[in-house]
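The sequence and the model are shown first, and the description follows.

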Amino acid sequence: MTNIKTYNAISAKGLDYLTAHGYEIDGEGDPKGIILRSQSLHDEPIADSIRAVVRAGAGFNNIPVEELSKRGVVVFNTPGGNANAVKELTIAALILAARPVVGAIGFANETRGGDVSLRTEVNKGGYRGTELAGKTLGVIGLGNVGSKVANTALALDMDVIGYDPGLNANTAWRIDRHIVRAKTVDEVLEQADYVTVHIPYTEKNHFFINADRLAKMKPSAALLNMSRGGIVDDLAAKDALDRGALHVYITDFADEALFDHPKVIITPHIGGSTIEAEDTSALMAARQLDEYLTTGNIINSVNYPDIDEPFVTKYRVGIIHENVPNMISQISKFFGDNGINIEQLSNRAVGAYAYTLVAINDFTPEQQEYVKTALDEIPHVILTRRYVNDMI
Ligand SMILES: NC(=O)C1=CN([C@@H]2O[C@H](COP(=O)(O)OP(=O)(O)OC[C@H]3O[C@@H](n4cnc5c(N)ncnc54)[C@H](O)[C@@H]3O)[C@@H](O)[C@H]2O)C=CC1
Ligand SMILES: O=C(O)C(=O)COP(=O)(O)O
């Protein structure tokens, strides 16, 4: 049985899928794959036997992607699997930013005893809020989460302005035509009454919202961070709040510097924590992992190109290699020189890496044995795997 190692609470929907397909979860054998959520793998040993790491979720900054790419380990995430959950928490945060709900609940509890309703009615004026309708929401990052937040805000009668220079075609289709597309971040910061960031944590996005950008925001504005700690410079946000240059800051990422601040609301990274999101993400992760380990198809990888072809031959060989000239011709010559007929060859590249999937019918055991080791000797080939189609 193929062993899969897990970290964090992975929904039974995903784990059951794997066991039903012949995998063992956290067993004794050398693991072939890892499924995880937010556990950091940066300082964890990752066994040589690992061929795939799947993040059941969106953000993969907890995984040493570059190091794994060099080893030929395919890293996946499950885009969109928890986007609705984050959208709903973001809408809740918008309401918490507009209405002093948290303080009002505390006040309601303090009115115990005596004529509760009288004291409530006399003092509730301190808990007046504002409405979202007619206000402008700025959405930075219009991917799976941001696009949903933006569309939903329109339904709340907000005006929405979005910024995402790297928008992919799939997501672009989903964005309502009433959302204004900003050409610069500053346009969003200057116009918005609420700014919400939905971008990945990368080196480039470290402190994306910093003191300079906070200074561009309206002093009456609210800032929401459901993305990652480190995307907002929390100390700069705290300083802006203290100077009256920012109205409220709501973040899903706890930071010692922010605790007990009257203008800050912190949730403990629960954006993706719904039953539905955990089920969907775990099932996507399990399917993608099984598909890769049994057919060589790569779906939703963050470090190698996706190739998703029907497995209609008896065998396939998947070759992970560097994206350099002359690889396809060397690989096809290798098969030809060894008398192996190629039924189909798919190749795609992304950045520094490429993937070639070769479909074969007539493949003797001797050829298979030879190919496994000899292909790896072609310069720039990182890893070679053979797949057998049990249905044929
Ligand atoms: N709080 C939580 O529990 C959760 C947090 N997240 C965080 O939210 C992030 C976004 O999630 P998804 O929307 O699913 O990812 P996604 O990959 O679908 O979308 C991210 C979008 O951000 C854009 N982007 C990247 N850098 C940008 C920049 N500097 N300026 C403007 N746009 C930029 C990209 O072009 C992309 O369209 C994740 O990377 C993760 O860190 C995601 C799910 C749950
Ligand atoms: O998907 C993401 O990026 C998240 O932040 C969700 O994290 P979690 O899986 O709930 O620990």
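## Report on the predicted model

UniProt places the feature "domain: ACT" at residues 316–389, in an unreviewed entry. In this model, which is predicted, the end C-alpha atoms of residues 316–389 lie 8 Å apart. The span is 28% helix and 41% strand.

**Strand β6 and its partners**

Strand β6 comprises residues 136–140, and four of these five residues are buried, so the strand is largely enclosed by the rest of the structure. From β6 the chain crosses through helix α6 (residues 144–155) to β7, and this β-α-β crossover is right-handed. The pairings of β6 are set out below.

| Strand paired with β6 | Sense | Bridges | Facing residues |
|---|---|---|---|
| β7 (residues 159–163) | parallel | five bridges | T136 and D159 |

**Helix α10**

Helix α10 spans residues 234–242, and its buried residues are D234, A237, A240 and L241. These residues cover an arc of only 120 degrees around the axis, and therefore lie on the same side of α10. The buried residues of α10 are covered by elements including α9 (211–216), β10 (222–225), β11 (248–251) and β12 (264–266). Just after α10, G244 adopts a positive phi of about 75 degrees.

**Nonpolar cores**

The largest nonpolar core has 48 residues, of which I35, A52, V54 and L289 touch the most other members. Helix α11 (residues 275–295) supplies the largest share of this core, namely eight residues. If residues up to four places away in sequence are not counted, A52 touches G33, V73, V74, F76, L289, Y292 and L293. Among these contacts, L289, Y292 and L293 fall within the residue range of α11. Apart from this core lies another, of 47 residues, which includes L94, V139, V195 and L214.

Key:
Residues numbered from 1 in each chain as written. Chains lettered and ligands numbered in written order. Predicted model: local features only at pLDDT ≥ 70, side-chain atom pairs only at ≥ 80, totals over all residues. Buried ≥ 20, exposed ≤ 12 C-beta atoms within 10 Å, placed from the backbone. Helix = DSSP H or I, 4+ residues; strand = E, 2+ residues; numbered from the N terminus. Pairing = 2+ DSSP bridges. Right-handed = clockwise from strand over helix to strand, strands pointing away. Arc of directions from axis to C-beta. Contact = placed C-beta atoms within 7 Å. UniProt positions renumbered as here; feature names shortened; annotations may be inferred. Core = buried A, V, L, I, M, F, W, Y, C linked by C-beta atoms within 7 Å.
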